[in-house]
Amino acid sequence: MLRVFRNEGRKGNDRVRKLKWKKARRRSRRRPGPACAVSAIRKGPLSKDLKPYSRECFYEVFEEEIHQVIVENQLFKPRERVAIGASGGKDSTVLAYVLSELNRRHNYGLDLFLLSVDEGITGYRDDSLETVKRNEIQYGLPLKIVSYKDLYGWTMDEIVKMIGLKNNCTFCGVFRRQALDRGAALLKVDKVATGHNADDIAETVLLNILRGDIARLSRCTSIVTGEDGPIPRCKPFKYTYEKEIVMYAYFKRLDYFSTECIYSPNAYRGFAREFIKDLERIRPRAILDIIQSGEDFRISTFTKMPEQGTCERCGYISSQKWCKACVLLEGLNRGLPKLGIGRSRGPNNDHKKGTKETNGAKSIESKQCGTLDF
């Protein structure tokens with residue numbers, strides 16, 4: 001009998017707990033969420049800078065911040081031809097959409113184009129380019145695609161097959177920067193706009209510190225770069241967090257490609273990215289603080305900086321006799337893919353002396369690097 005009474009008591013307590021839980025759940029449903037920081041609309045707020053916003057106000061604040069960055073930094077001039085670096089990912093897709101909207105809304109007077117680089121990565125870039133082609137139709141922007149195969153005679157698949165998964169991002173990064181400029185030259189644009197966001201720039205600051213690359217550290221936080229080169233580049237998303245771009249793309253239901261490059265998991269930048277994300281969880285403003293630190297760095301007057309010139313092979317801007325792309329191509333064509341990896345700059349001494357190439361290796365003259373004049 002005692003056990004029966006005890007069981008009855010337990011069942012009663014369980015019923016009381018369930019009733020309390022149901023009442024608390026009803027109250028939580030009736031209780032309004034935090035008010036929107038702009039219009040006090042109390043529905044599904046999104047977070048930006050630790051402030052709650054309704055979906056409509058989030059769009060408005062996001063777009064207005066980009067507009068203010070463009071105006072305050074005078075990124076564009078009326079009647080300029082601007083190429084948007086389009087990869088099909090979230091950043092470039094949002095940039096294309098927002099620039100199209102702001103150009104129409106604020107009458108910038110810009111001629112906008114989409115410019116994509118086909119690195120030749122099967123199962124990744126071919127799929128993302130299909131997204132860019134859809135964006136061309138959706139936003140009504142002309143699209144130009146340039147490929148590594150046409151410019152350099154190599155695809156990234158072929159390069160990785162030769163060099164392996166280590167250091168392949170070095171080749172891709174160098175070739176892509178130059179390919180964008182060559183594509184921009186074909187479009188005859190005045191400027192290239194890229195989707196680099198605040199997270200990307202903070203990562204670059206850390207990477208340049210870790211590598212001791214003073215020359216790049218001094219300019220990596222600039223919102224406009226390459227003004228002394230063939231075609232300047234600008235970063236309208238310099239102060240925009242990656243998570244804000246993701247939310248904007250998701251809730252606007254923009255058509256973008258979200259798969260990571262199959263060759264990038266071992267990239268050195270990935271470790272800096274993880275470190276930045278850990279910092280952001282502890283202190284959300286850490287990203288902008290790193291950017292500000294990069295802006296405030298001052299290079300000692302005793303530090304010898306490289307002098308900008310032009311590559312003897314292709315005419316591209318370079319601080320050495322040969323640009324980095326030509327050095328990497330020389331290594332690939334001679335069957336020595338590690339020739340341009342690391343600190344080595346310019347052609348090696350054997351080549352300067354005119355020694356014979358390795359058997360079966362093709363001369364760099366047979367490749368198409370430098371077919372465009374700057």
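## A buried loop residue

T155 is buried: its relative accessible area is 14%, and buried means under 20%. This comes from a predicted model. T155 sits in the loop between α5 (148-152) and α6 (156-163).

Which residues does T155 touch? Leaving aside residues up to four places away in sequence, T155 touches E119, G120 and K149. Take G120. T155 and G120 are 35 residues apart in sequence. In space, their C-alpha atoms are 4.7 Å apart.

## Where α3 meets α10

Helix α3 covers residues 90-105, and helix α10 covers residues 242-251. They pack at an angle of about 65°. Angles of 65 to 115 degrees count as roughly perpendicular, so α3 and α10 are roughly perpendicular to each other. Their axes are 10 Å apart. The crossing of α3 past α10 is left-handed.

Which residues make the contact? From α3 come K90, D91, V94, Y97 and V98. From α10 come E242, I245, V246, Y248 and A249. Seven residues of this contact are nonpolar, three are charged and none is polar.

Helix α11 spans residues 268-282. Its residues G270, A272, I276 and E280 are buried. These four cover an arc of only 155° around the axis, so they lie on the same side of α11.

What covers the buried residues of α11? The cover includes α8 (198-211), α10 and α12 (286-296). On the other side of α11, F271, E274, R281 and I282 are exposed.

Terms used. Residues numbered from 1 in each chain as written. Predicted model: local features only at pLDDT ≥ 70, side-chain atom pairs only at ≥ 80, totals over all residues. Heavy atoms only, no water. Axes fitted to C-alpha atoms, helices over the stretch in contact; angles between N-to-C directions. Helix = DSSP H or I, 4+ residues; strand = E, 2+ residues; numbered from the N terminus. Parallel < 35°, antiparallel > 145°, perpendicular 65-115°, else oblique. Left-handed = near helix turned anticlockwise from the far one by under 90°. Contact = heavy atoms within 4.5 Å. Nonpolar A, V, L, I, M, F, W, Y, C, P; charged D, E, K, R; others polar. Buried < 20%, exposed > 50% of the residue type's maximum accessible area, 1.4 Å probe, protein only. Arc of directions from axis to C-beta.
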